[in-house]
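These notebook entries record what I looked up in one structure.

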Amino acid sequence: MSGDDLKRMAAARAVEAVTDGMRLGLGTGSTAHHFVALLGEKVRGGLKVTGVPTSEATRAQALAEGIPLTTLDETPGLDLTVDGADELDATLRLIKGGGGALLREKIVAAASTRMIVIADASKKVETLGRFALPIEVNPFGLEATRRAVAHVLETHGLPTTLRLRTAAKDKAFVTDGGHFILDAELGAIDAPEALAEALVAVPGVVEHGLFIGLATGAILAGDDGVVEYGTI
Ligand SMILES: O=C(CO)[C@H](O)[C@H](O)COP(=O)(O)O
């Protein structure tokens, strides 16, 4: 089975957890794309839900699918967010932001009673850090912020190389919120909570991709089938 088939399989299981009247956070990325497409089919079949998209890309897709949308200003509390992840560990700590939507993804997940991660089984790791940690920063003072972030990484015994994420033609990638992303190749993050706390304390850091205490369940699809973790 292809990786994309596995993503769709995990998404299909998550759609089963959606019930009438739910206020949903709609994730970003290729796995969440499957979820939004399958949810759209259900909505066209009569399911009543409202969604808050975590990116402009997901907003466009959800609108095309006919999924009614709301905002966190109109609807500050959500029942369930379904989103992908770049990595997750056994305690449902995540690295997210490979698609650059980490800020809105974290705000939406934090506003939700439950967050289900959908992914192919290759995303599960023993120790977070194989995937480069995205750190979203304000463009103002980029070099000063980069130095301060490198200092935090050094004090946590981690590699300090930070790569400014680029888009087409070597231009800096710009998030939906108008920020840049520094990707940190860390290898293994032994103390994610401490690192998360230290990173958000750096002026200029808008958010980082460590999602701790947010996911309540995970659906992972592999060649042997679907495995669920936590509460679905
Ligand atoms: O965090 C994300 C976007 O910011 C995505 O959820 C993450 O990158 C996983 O993407 P995919 O489902 O395409 O593997």
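This is a predicted model: local features need pLDDT of at least 70, side-chain atom pairs count only at pLDDT 80 or more; totals for chains, interfaces and linings use all residues.

The entries below are grouped by topic.

**Entry 1**

**Entry 2**

The order is β2-β1-β3-β6-β12-β13, in an open sheet of six strands with mixed pairing. I recorded β2 (50-53) and β13 (225-230) as the edge strands, each of which pairs on one side only. From one strand to the next, the twist averages 20 degrees. As background, I recall that strands of a sheet pair through backbone hydrogen bonds, in either a parallel or an antiparallel sense.

**Entry 1. Strand β12 and its neighbours**

I then went through the partners of β12 in turn. On the β6 side, I found that β6 (residues 112-120) and β12 (residues 217-222) run parallel and are joined by five bridges. Within this pairing, D120 has A221 of β12 as its bridge partner, and V117 stands opposite A218 in β12.

On the β13 side, the direction is antiparallel, with six bridges between β12 and β13. G222 stands opposite G225 in β13.

How many of the residues of β12 are buried? I found six of the six to be buried, so β12 is largely enclosed by the rest of the structure. I also checked which way the residues point. G217, I219 and A221 point one way from β12, whereas A218, L220 and G222 point the other way, and all are buried.

**Entry 2. The sheet of three strands**

I turned next to the open sheet with the order β4-β5-β11, whose three strands pair in the antiparallel sense. Its edge strands are β4 (87-88) and β11 (210-211), and each pairs on one side only. I looked up the contact between β5 (residues 94-95) and β11, and found an antiparallel pairing over two bridges.

**Entry 3. The ligand**

Which residues come nearest to the ligand? Of the 17 residues around the ligand, I listed S30, T31, D86, G97 and K123 as those that come nearest. I then sorted the shell by residue class, and the residues divide into two nonpolar, nine polar and six charged.

A polar side-chain atom of T31 lies 2.5 Å from a ligand oxygen. For D86, a polar side-chain atom lies 2.6 Å from an oxygen atom of the ligand. T28 contributes a polar backbone atom, which is 2.9 Å from an oxygen atom of the ligand. Regarding cover, I recorded that the ligand on its own has 380 Å² of accessible area, of which the protein covers 91%.

I checked backbone angles in the loops. Most residues other than glycine have a negative phi, and I kept this in mind as the background for the entry.

L92 is not a glycine, yet its phi is positive, at about 65 degrees. I located L92 in the loop between β4 and β5. Is L92 buried or exposed? L92 counts as buried, because its relative accessibility is 10% and the cut-off for buried is under 20%.

K169 is not a glycine either, and has a positive phi of about 55 degrees. I placed K169 in the loop between β8 (162-164) and β9 (180-184). K169 counts as exposed, because its relative accessibility is 81% and the cut-off for exposed is over 50%.

**Entry 4. Two separations along the chain**

A109 is found in helix α4 (residues 102-110) and is buried, with a relative accessible area of 2%. Between the C-alpha atoms of A109 and A188, which are 79 residues apart along the chain, I noted a separation of 24 Å.

F180 belongs to strand β9 and is buried as well, at a relative accessible area of 17%. I recorded F180 and A37 as 143 residues apart in sequence and 29 Å apart in space, C-alpha to C-alpha.

Methods
Residues are numbered from 1 along each chain as its sequence is written. Side-chain values use heavy atoms; hydrogens and water are left out. Two strands pair if DSSP finds at least two bridges between them. Helices (H or I, at least four residues) and strands (E, at least two) are DSSP runs, numbered from the N terminus. Axes are lines fitted to C-alpha atoms, for helices over the stretch in contact, and angles run from 0 to 180 degrees between N-to-C directions. A residue is near a molecule or strand if one of its heavy atoms lies within 4 Å of it. A polar contact is a pair of N or O atoms within 3.5 Å; within protein, one must be able to donate a hydrogen and the other to accept it, and residues adjacent in sequence count only if both atoms are side-chain atoms. Accessible areas come from the Shrake-Rupley method with a 1.4 Å probe; for residues, only the protein chains shown count as cover. Ala, Val, Leu, Ile, Met, Phe, Trp, Tyr, Cys and Pro count as nonpolar, Asp, Glu, Lys and Arg as charged, and the others, Gly among them, as polar. Buried means under 20% relative accessible area, exposed over 50%, partly exposed in between (1.4 Å probe, protein chains only).
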